[in-house]
Amino acid sequence: MPQSSSPASQTTPLTYMRSKMDEADTMFKEGLADISQPSDLTQLAGKLLDLCNDVSDHLAHICAVKPVACHNGCDICCKSLIQINPIFARLALEHARDIFTQERLEQLHQRLVEGTPFCPFLFDGSCSIYEKRPMVCRGYYSLDISMCQTGIFCEGETGYQGDDGHAAHQYRIFLFVLEKRIEEIERGFGIEPGPVFLHEAVRDLWSERVHG
Ligand code: SF4
Ligand code: SF4
């Protein structure tokens, strides 16, 4: 007997993206209504990262033209100095404080003080804050890791494949739009959206908490 298609399977990547963009807009509106001070923006950004996790997983499911090579444990793109919007440094540190052991927190602190040539959240070749990694880390992707080894990220020669072409491409557009929206809100609050180096922003936040 033929199986009936679920509504999700009939959704094209583009219509799915539009529905998620609407969801993000609602989240922005509701989140902004609750904000009484600039630091409350962090909470909103955290919810957006959770939405990003869902969107990424679902797009890969409905738009799996070719799997991306990225996964936690692939760390070539983590071995450079990462520049981010500072709000994601705050989220990264908060998440680390929630999930790290005391020993790992001390290792992180040591890296922040002494400096590292790679991202301070990279431990044993994996991202230690993967669920809450900054937007910019999600924007790096590749269909072929050998390209990353030559320093070329994203689609490279594969290029744009049409509006319904590739989950990673759709996801990148989603991230771009969200990030621009966050920047606009930050500026409205008089916050400079950067970019700043991740390790420097986290180090400053660390001492802010210690000395604050
Ligand atoms: S962009 Fe390249 S190096 Fe980074 S996670 Fe993806 S495949 Fe690995
Ligand atoms: S936060 Fe995670 S994904 Fe981003 S650069 Fe650092 S280790 Fe890599």
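**View 1. Shell of ligand 2 in the predicted model.** Around ligand 2, the shell comprises eight nonpolar residues, one charged residue and no polar residue (nonpolar: Ala, Val, Leu, Ile, Met, Phe, Trp, Tyr, Cys and Pro; charged: Asp, Glu, Lys and Arg; polar: the others, Gly among them). Its members are Cys78, Ile82, Cys119, Leu122, Cys127, Ile129, Arg133, Pro134 and Cys137, each with a heavy atom within 4 Å of the ligand. This is a predicted model, in which local features need pLDDT of at least 70 and side-chain atom pairs pLDDT 80 or more, whereas totals for chains, interfaces and linings use all residues. Residues are numbered from 1 along each chain, ligands are numbered from 1 in the order written, and side-chain values use heavy atoms, without hydrogens and water.

**View 2. The largest nonpolar core.** This core contains 48 residues, and Phe88, Phe121 and Leu178 have the most contacts inside it (a core joins buried Ala, Val, Leu, Ile, Met, Phe, Trp, Tyr and Cys residues through side-chain atoms within 4.5 Å; buried means under 20% relative accessible area with a 1.4 Å probe, protein chains only). At least two core residues come from each of α2 (13–33), α3 (41–62), α4 (86–99), α5 (102–114), α8 (167–188) and α9 (198–211), helices being DSSP runs of H or I with at least four residues, numbered from the N terminus. Helix α3 gives the largest share, nine residues.

**View 3. Surroundings of Phe88.** Leaving aside residues up to four places away in sequence, Phe88 touches Ala45, Leu49, Pro134, Met135, Glu179 and Ile182, with contact meaning heavy atoms within 4.5 Å. Pro134 also belongs to the shell of ligand 2.

Note on methods:
Buried means under 20% relative accessible area, exposed over 50%, partly exposed in between (1.4 Å probe, protein chains only).
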